[in-house]
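Here is a short briefing on one protein model. Keep the sequence and the 3D view open while you read.

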Amino acid sequence: MPTFIHHMDAHCALGLGLEASVAGLLAAQQPVTELAFDQQRDPVRMPYCVLPEDTSGDDFYQYLERICARALDGLSAQQRQRTALLLGSSSFDMQVAEARYRDDLARRGPEQAVPMPIVGYGKLAQHLGNRFGLSQQRHSYSTACTSSANAILYGHRLLSAGLADYALVLGVERFNHTSVLGFHGLGLISPTQRMRPFARERDGLLLGEAVGTVLLGRGTPAAGAPRLRLCGGAIGTDNHSLTAANTDGQQLAQVIHLALADSDLSPQDVVGVKVHGTASLKNDEAEAAAMTTAFGGSIPPAFALKPFVGHTLGACGALEVALTLGCLSQGTLPANPGIEPDAALAVTLNQGVQSARPGPYLFNCFAFGGNNNALIISLEGEGSTP
């Protein structure tokens with residue numbers, strides 16, 4: 001029985017909820033906030049894509065509960081017992097641990113404060129599963145930027161094996177100093193505060209926080225809902241480097257080919273590509289080479305979402321799937337206006353919003369540590385508003 005997308009949601013710098021986020025995306029909004037880190041020995045200022053409401057501290061758990069409740073609305077208690085939960089994140093609730101350390105440091109001083117107490121991390125899936133009476137199929141994924149993309153593919157495989165009837169996938173990434181200052185230390189943040197994937201003048205990425213939600217189901221969606229089918233996907237490992245793919249793109253191209261084979265499709269069947277598009281020099285070069293290898297001289301219409309929401313790390317797989325499917329459901333492909341391509345890369349992003357064709361779409365997601373993921377999701381028939 002095929003896997004369909006029954007619900008998707010997006011909470012990011014563009015807005016709270018899918019409708020607001022898609023509207024901001026199609027309007028090409030780029031909400032960026034400059035954050036100050038004055039507590040550093042050398043004070044740092046850094047651009048960041050912030051959620052438009054404060055859900056920090058212990059309220060973080062209630063915030064996730066509200067998002068899960070929305071995704072599970074309409075499922076009976078019996079259906080929830082057959083619903084797997086898969087959570088992907090780079091940092092889980094690290095920001096809560098940081099806040100508790102700062103409080104402890106202020107109260108007891110540096111000699112007695114407990115540095116970075118472990119408060120949850122892998123326990124989030126267990127907590128949410130108990131809260132909503134879900135299946136014992138509860139899994140956490142932390143594979144850097146592919147965390148929630150891998151969760152989507154494993155959810156699909158659980159359904160295909162008959163181990164669940166539904167799979168709720170959460171991609172979660174909240175602001176925390178450890179991640180943000182780590183990327184700053186690697187020199188990956190754009191000094192011009194703008195992400196320009198595949199452009200000659202690209203100079204790095206912006207980070208962002210987000211929660212993306214995708215509910216997979218074995219049955220077809222309700223009448224009137226868009227028919228969005230998860231056809232298949234693949235995961236591969238490239239041990240070329242801890243932080244960058246091999247610029248020849250061969251390992252990335254192999255993952256794309258495996259995803260197409262898993263979906264019983266050929267490159268000519270793909271009608272659009274959501275690129276990973278980090279706007280970093282070597283990663284864009286590797287992805288461009290992979291696209292050229294996979295599609296030859298005829299790369300389908302391509303678009304990048306990180307310029308609008310930042311790189312949301314472990315959440316980007318689920319978030320960018322949800323945002324793209326929200327656009328496809330309206331019969332529209334997003335665009336990247338003003339990004340002039342680097343002729344040496346041979347990848348040109350859509351410069352204007354255009355109509356979405358029915359058919360299979362490729363979703364690229366490539367991570368630190370050499371973990372790579374490609375998903376194929378098909379818009380079946382004409383797109384309709386959910």
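Predicted model: local features only at pLDDT ≥ 70, side-chain atom pairs only at ≥ 80, totals over all residues.

Helix H1 spans residues 18-26. E1 pairs with strand E10, and E10 is in turn joined to strand E16. A separate topic is the open sheet of three strands, ordered E3-E4-E8.

**Helix H1**
- Leu18, Ser21, Val22, Gly24 and Leu25 are the buried residues of H1.
- These residues sit on the same side of H1, because they cover an arc of only 160° around the axis.
- In an α-helix there are 3.6 residues a turn, so residues three or four places apart point the same way.

**Strands E1, E10 and E16**
- Two bridges link E1 to E10 (residues 227-237) in the antiparallel sense.
- Phe4 lies opposite Arg229 of E10.
- E10 and E16 (residues 371-380) run antiparallel, with 10 bridges between them.
- Ala234 has Ala374 in E16 as its bridge partner.

**The E3-E4-E8 sheet**
- Pairing in this sheet is mixed.
- E3 (33-37) and E8 (207-208) are the edge strands; each has a single partner strand, so one side of each lacks a neighbour in the sheet.
- Five bridges pair E3 with E4 (residues 44-49), antiparallel.
- Ala36 faces Arg45 in E4 across this pairing.
- Helix H7 (residues 177-185) packs on the sheet and touches E3, E4 and E8.
- The direction of H7 makes about 110° with that of E4.

Technical notes: Residues numbered from 1 in each chain as written. Heavy atoms only, no water. Buried < 20%, exposed > 50% of the residue type's maximum accessible area, 1.4 Å probe, protein only. Helix = DSSP H or I, 4+ residues; strand = E, 2+ residues; numbered from the N terminus. Arc of directions from axis to C-beta. Pairing = 2+ DSSP bridges. Contact = heavy atoms within 4.5 Å. Axes fitted to C-alpha atoms, helices over the stretch in contact; angles between N-to-C directions.
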